[in-house]
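Have the sequence and the 3D view open as you read.

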Amino acid sequence: ESSWNHKAISKSDARGLMQLKPQTALSEFKTHVGDLYDPYINITLGVMYLSKLTHHYDMDTMGKLLTAYSHGPTATLKYPHSYVNQNFYVSAVLDKLNQKTG
């Protein structure tokens, strides 16, 4: 989503390389918005958030995990299985992964 631009800001106000929202960075990691433009901090927090989603919210499939990262964990739990596995974000990320590994 960031197209490797560490200063990227999405329409939903997500910031940096891993497109973290300022409210998530602050509430989950006590990190302020300005720090989200530092690639090291942004990637570190993104990976920590993925880990938290995996363990705390029991996101046990790649589709659930990616949807939770993109849409939020509580919203993801309400989505039907078909949406979780086939939404645009999940498809785009998995396509990129398959290009790298395939």
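Threonine 67 has a relative accessibility of 0%, so it counts as buried (under 20% relative accessible area; over 50% is exposed, and in between is partly exposed, using a 1.4 Å probe and protein chains only). This is a predicted model, where local features need pLDDT of at least 70 and side-chain atom pairs count only at pLDDT 80 or more, while totals for chains, interfaces and linings use all residues. Residues are numbered from 1 along each chain as its sequence is written, and side-chain values use heavy atoms, with hydrogens and water left out.

You'll find threonine 67 in helix α3, residues 62-71. Helices here are DSSP runs of H or I with at least four residues, numbered from the N terminus. The side chain of threonine 67 reaches back to the backbone oxygen of glycine 63, at 2.8 Å. Setting aside neighbours within four places in sequence, threonine 67 has contacts (heavy atoms within 4.5 Å) that include Tyr83, Asn87 and Val90.

Now hop to the segment before α1 (22-29), where serine 3 sits. Serine 3 isn't a glycine, yet it has a positive phi of about 55°. With 68% relative accessibility, serine 3 counts as exposed. Aspartate 13 also lies in the segment before α1, and its phi is positive too, at about 80°, although it is not a glycine. Aspartate 13 is partly exposed, at a relative accessible area of 29%.

Terms used
Helix = DSSP H or I, 4+ residues; strand = E, 2+ residues; numbered from the N terminus. Polar contact = N/O pair within 3.5 Å; in protein donor to acceptor, adjacent residues only side chain to side chain.
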